[in-house]
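Biologist: I would like to go through this structure feature by feature. Please give the general idea each time, then the case at hand.

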Amino acid sequence: MEEQYGMPAEGVSIVVPTFNESGNVAELVRRLAAVLDADASEILIVDDSTDDTARVAAESADHVAHRVRVVHREDPVGGLSGAVLTGMALAAHRWVVVMDGDLQHPPEDLPRLIAAGEERGADIVAASRYLDGGSAGGLDGLLRHLVSSGSTLAARALFPRRLRGCTDPMTGFFAVRRDALDLASLRPQGFKILLEVLLRHRLTLTEVPFAFGVRTAGVSKATVANGAAYLRQLVALRFQSPAPGLAQAAAEVV
């Protein structure tokens, strides 16, 4: 018998950064609606696309009872991580879940993340591909597997104490208590927002395993430029102090 997980009374905000995901976003909204309480949740889609993702997302809202808000950013400051920060600034509920818009993060796992945070008294719950029961099978080819594992090793080598309890600091699928975040301390760039959140805060972390799914529509957005941005982020986190500029930009969207 499958274990059932409920949503907390304080509610959940789902933040989905999107870039050219018109082929996935309607299905994502449908599947999120199937696991969320319409009266205690919201779906925030922060879109940096050059296609019609924002239009498709807005149209999908007409087919669910849930609150769906679509924010299209003409100036995608901070890339995917900047989009996440914009969504966090808009979030109305106690728990904020961050997930990708390509369906490689299964919406059906979302209640399990929230339940783990509530039951274990954690500030943040990371969905890990590398715990027992998890899988990174959705990564495309040997090269992406090597890049992912190499990026994880680099982060844990630079920050062995702060990341001691985190097996997958590169995951883009996590839940965090909104009141545990100081958005003004964040200075994200590129893709790896969880790393930024963990290293700019002192949060109680727990993890749950998940299987990284196979993309069914669109193409991966991983590029050499993203890799360079990740290296710059590691250097900034290691040697620089935070700046509030990006958080201010996100707050102005509200």
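Biologist: What covers the buried residues of helix 4?

Modeller: A caution to begin with: this is a predicted model. Burial is read from relative accessible area, and under 20% counts as buried. The cover of the buried residues of helix 4 includes strand 1 (12–18), helix 1 (25–35), strand 4, strand 5, strand 6 and strand 7 (205–209). The buried residues themselves, within the helix at 110–120, are Leu110, Pro111, Leu113, Ile114, Ala115, Ala116 and Gly117. Just after helix 4, Gly121 has a positive phi of about 65°.

Biologist: Which residues of helix 3 are buried?

Modeller: Ser81, Gly82, Ala83, Val84, Leu85, Thr86, Gly87, Met88 and Leu90. That is nine of the 12 residues, so helix 3 is mostly covered, given that buried means under 20% relative accessible area. For its geometry, compare the end-to-end span with the expected one. Helix 3 runs over residues 79–90 and reaches 17 Å from its first C-alpha to its last, close to the 16 Å expected.

Biologist: Which residues have the most contacts inside the largest nonpolar core?

Modeller: A core of this kind is a set of buried nonpolar residues joined through side-chain atoms within 4.5 Å. The largest one has 30 residues, and Met88, Ile124, Phe174 and Val176 have the most contacts inside it. Helix 3, strand 4 (95–98), strand 5 (124–128), strand 6 (174–177) and helix 6 (193–200) each supply at least two of its residues. Helix 6 gives the largest share, six residues. Another core, of 29 residues, lies apart from it and includes Ile45, Trp95, Ala116 and Ala175.

Biologist: With which residues is Ile124 in contact, leaving aside its neighbours within four places in sequence?

Modeller: With those neighbours left out, the contacts of Ile124 are Phe174, Ala175, Val176, Leu194, Val197, Leu198, Leu203, Thr204, Leu205 and Thr206.

Biologist: Leu205 is in that list. Is Leu205 buried or partly exposed?

Modeller: Leu205 is partly exposed because its relative accessible area is 27%. Its place is in strand 7. Sequence distance and spatial distance should be read together here: Leu205 and Cys166 are 39 residues apart in sequence and 7.7 Å apart in space, C-alpha to C-alpha. Beyond four places in sequence, Leu205 is in contact with Ile124, Ala126, Gly165, Cys166 and Leu198.

Biologist: Where does Thr171 lie, and what does its side chain reach?

Modeller: Thr171 lies in the loop between helix 5 (141–158) and strand 6. Thr171 is buried, with a relative accessible area of 3%. The side chain of Thr171 reaches the backbone oxygen of Ala127 at 2.9 Å. Outside its sequence neighbours within four places, Thr171 is in contact with Ala126, Ala127, Arg129, Leu194 and Phe210.

Biologist: How many aromatic pairs does the structure hold?

Modeller: There are two. For each, read the centre distance and the angle between the planes. Phe173 and Phe210 are edge-to-face, 5.4 Å centre to centre with 85° between the planes. Phe173 lies in the loop between helix 5 and strand 6 and Phe210 in the loop between strand 7 and helix 7 (224–239), so this pair ties together parts that are 37 residues apart in sequence. The pair of Phe210 and Phe212 is also edge-to-face, at 6.4 Å and 85°.

Definitions and conventions: Residues numbered from 1 in each chain as written. Predicted model: local features only at pLDDT ≥ 70, side-chain atom pairs only at ≥ 80, totals over all residues. Heavy atoms only, no water. Helix = DSSP H or I, 4+ residues; strand = E, 2+ residues; numbered from the N terminus. Expected span 1.5 Å × (residues − 1). Buried < 20%, exposed > 50% of the residue type's maximum accessible area, 1.4 Å probe, protein only. Contact = heavy atoms within 4.5 Å. Polar contact = N/O pair within 3.5 Å; in protein donor to acceptor, adjacent residues only side chain to side chain. Phe/Tyr/Trp six-rings, centres within 6.5 Å; stacked < 30°, edge-to-face > 60°.
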